[in-house]
Amino acid sequence: MATILLFMIIFIALILLIIKKEYLLYYFVFLYPILPEYLAISISSSLPLFTASRILLIILMFATFSRGKVKIKKNIFKEKCFGKAFLFYICCETAVVIAHISEMASIKTYISVILENVIFYYVLLIHINSKRKFEGCMKALLCGAALVFTMGMLEPITKVNLAATFLDTGSRETLLMSSYVRYDSVRAVFSFGHAIALGVYCIALLPLIMYKINQTKKIQFYLLYLLGIICLIMTMSRGVIAIFGVLFGISLFKLNRNERMGYWKILGIGIISGFLLIVLSPEMFSVAQETVFATLNAFGGKFTVSDSGGNDYAVLSRFSQFSMLPQVLKKYPLFGGGTGYIFNNNIFVYAGSRRFIAESIDMEYLSMLINRGIVGFLGGTGLYITLLKLSHRMSKIYKDRLCNAFFYSFLSIILAYFTVAQLTTGRILWMLIVLFISYRRIFFNDSKRGN
C-alpha cells in the first residue's frame, strides 16, 4: 500500500510538471515538510534514501532547469547577511566531512542533509519570485499544517498513526519511527517519527497562524490555531510546550487591545472544546491536564501526575548529557567524532553518582559539538543567530508583522533545539528559511528600501 501511495505522489507531481509548474510548487510546499522519511526507496545501504520528499525536490529541480528563457539566479550567497552566514555554514560542514572522509555515515549525512539544503534553497528561491507565488506557498504550508494538526490530535484518541500504518515502505529499519506511551496514552507523532519533532513543527507554525489571525480575522485561522495547540499538547512534549507558553505570553503582551480580543475568542472556543472533550473523551482531557501539570513540574511545580514513560527528570537528564562533551572534544575538538560517534564508541553519561553508556543525544547543540566539533557548531549556530538578527531587525525597521512572525517561528525552533535534536524538523526549518528570504526579496527589495 505504501509503495502504491509513493508512486501516486510522484505521478501527481509529474502531471503537475506537465500541466503547470506553479501548481507543482504549491504541491511541493504542501507535502515536503510533512512527508515521513520512511516513505522512501532504498537503492543501496551505502547511499542516502530516496525519500518521497527528495524525489519531489528532484522533480521540482527538473522543472527549474526546463524553464526555457527564464533567468536563473546563480549566486545563492548574494543575499545580504544571510548569504554570508549560509556560505560559512556550508564551508564548515564541508571541512567536517573532509575530516571524516573515511566514514560513510558522515558522508551520507553531508549528501542527504547539507547538499539537499543547498539544492532546496537554490530551487525554491528561483520559483518563489512573485507576491502571488509567495502567498500561494503560505496557503499551501498552512493547509499542510491543518492536515498535520488534525491527524496529530486524533492519534491519541484513535490509537492509530495513519502515516506509520499506510506510508511505511520498510526501506530501512534504522529510520526514526517511534511510538511512546505517556500518562497512559499514546503520544501524537503522525509522520514525524517522534512526538517531540511534531511538537517542534507545531510551535514553528503557530506564530505564522497568529499573523494570519491578526491580518484576516477569519474564523478558520482561529480554529487552526486551536487545533495546533491541541496537537502540541497531545505530543506531551513538556519542554516544547513550555517554550510555546513563554513565547506566546510575550507575543500576546506586545499586541494591541483590539488584537488581543481575537485571542479571547480562541480562549472561548477552547473552553467550549474542553467541555466537549470532557463529555466525549474524559481520557483525553486527563492526558491534556497531566501534560500541562508535568510541564509545570519541570520548572518546580509539585503537581501529582501519572507515569510519564520513564523520563520524569527530563531537565536533569539533558543537563547530564553535557558530561559527554569532554570525552569527545578532548580527542576531536575541531571536527568532532563524526556522525553516530556515540553509537560506535562507549561514551558515558554521568548523573550524580550514576554512570551509564549514552544511547542518544537530546539537544541539537550538543549533537553539533559531539558529531561535528567546534567548526560544525560555529557554522550551525552562526546560521541560526543570523536568522534571528535579520528577521528581528526587519520587523523593527519596517514594523512588519510577518517578519515578526518569522522571528518567533525561528526563535521557537532554535530554543526547542535545547530540548531535542533536530530529528526530522530540518525540512520545516528550511522551508521557513526560504519563505522568509523570498519574502524579503519580493516585498523589501534592497535597491528600493535601502536595507
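This is a predicted model: local features need pLDDT of at least 70, side-chain atom pairs count only at pLDDT 80 or more; totals for chains, interfaces and linings use all residues.
For patches I take residues with over 30% relative accessible area and no salt bridge, joining like charges within 9 Å and nonpolar side chains (Val, Leu, Ile, Met, Phe, Trp, Tyr) within 5 Å. Accessible areas are Shrake-Rupley values with a 1.4 Å probe, and for residues only the protein chains shown count as cover. A salt bridge here is a side-chain nitrogen of Lys or Arg within 4 Å of a carboxyl oxygen of Asp or Glu.

Residues are numbered from 1 along each chain as its sequence is written, and side-chain values use heavy atoms, with hydrogens and water left out.

I looked for nonpolar surface and found a patch made of Phe11, Ile12, Ile15, Ile18, Ile19 and Tyr23, with about 630 Å² of accessible area together. Helix H1 (residues 2-19) gives the largest share of that patch, five residues. Helices for me are DSSP runs (H or I, at least four residues), as strands are (E, at least two), numbered from the N terminus. I picked Ile19, which sits in helix H1, and read off a relative accessible area of 59%, so Ile19 is exposed. My cut-offs are under 20% for buried, over 50% for exposed and partly exposed in between, with a 1.4 Å probe and protein chains only.

Next I checked charge, counting Lys and Arg as positive and Asp and Glu as negative, with His and the chain ends not counted. I place each charge at NZ of Lys, CZ of Arg, CG of Asp or CD of Glu. Lys80, Lys84, Lys389 and Arg393 make up a positive patch on the surface. Arg393 belongs to helix H16 and comes out as partly exposed, because its relative accessible area is 33%.

**Salt bridges**

How many salt bridges turn up in a search of the whole structure? I get three. Side chains of opposite charge can pair when their charged atoms come close.

Glu22 pairs with Arg132, with the closest N and O atoms 2.8 Å apart. That pair links distant parts of the chain, since Glu22 is in helix H2 (residues 21-31) and Arg132 in helix H6 (residues 131-158), 110 residues apart. I then asked about cover: Glu22 has a relative accessible area of 12%, so I log Glu22 as buried.

Arg54 and Glu116 make another bridge, with 2.7 Å between the closest N and O atoms.

Arg372 meets Glu93 in a salt bridge at 2.9 Å, N to O. Arg372 is in helix H16 (residues 364-397) and Glu93 in helix H4 (residues 82-99), so far as sequence goes 279 residues apart. Glu93 counts as buried because its relative accessibility is 4%.

**Cysteines**

I searched the whole structure for disulfides (cysteine sulfur pairs within 2.5 Å) and got zero. Cys202 is buried at a relative accessible area of 0%. I also looked up Cys137, which is buried at 0% relative accessibility.

**Backbone and contacts**

Lys217 has phi near 60 degrees and is found in the loop between helix H8 (195-216) and helix H9 (219-234). At 45% relative accessibility, Lys217 is partly exposed. Lys399 has phi near 50 degrees, and its loop runs between H16 and helix H17 (401-416). Lys399 is exposed, at 66% relative accessibility.

Last, two C-alpha distances. Phe120, in helix H5, is buried with a relative accessible area of 0%. The C-alpha atoms of Phe120 and Arg54 are 9.4 Å apart, with the residues 66 apart along the chain. Glu155 is in helix H6 and buried at 3% relative accessibility. From Glu155 to Ser185 I get 9.8 Å, C-alpha to C-alpha, for 30 residues in sequence.
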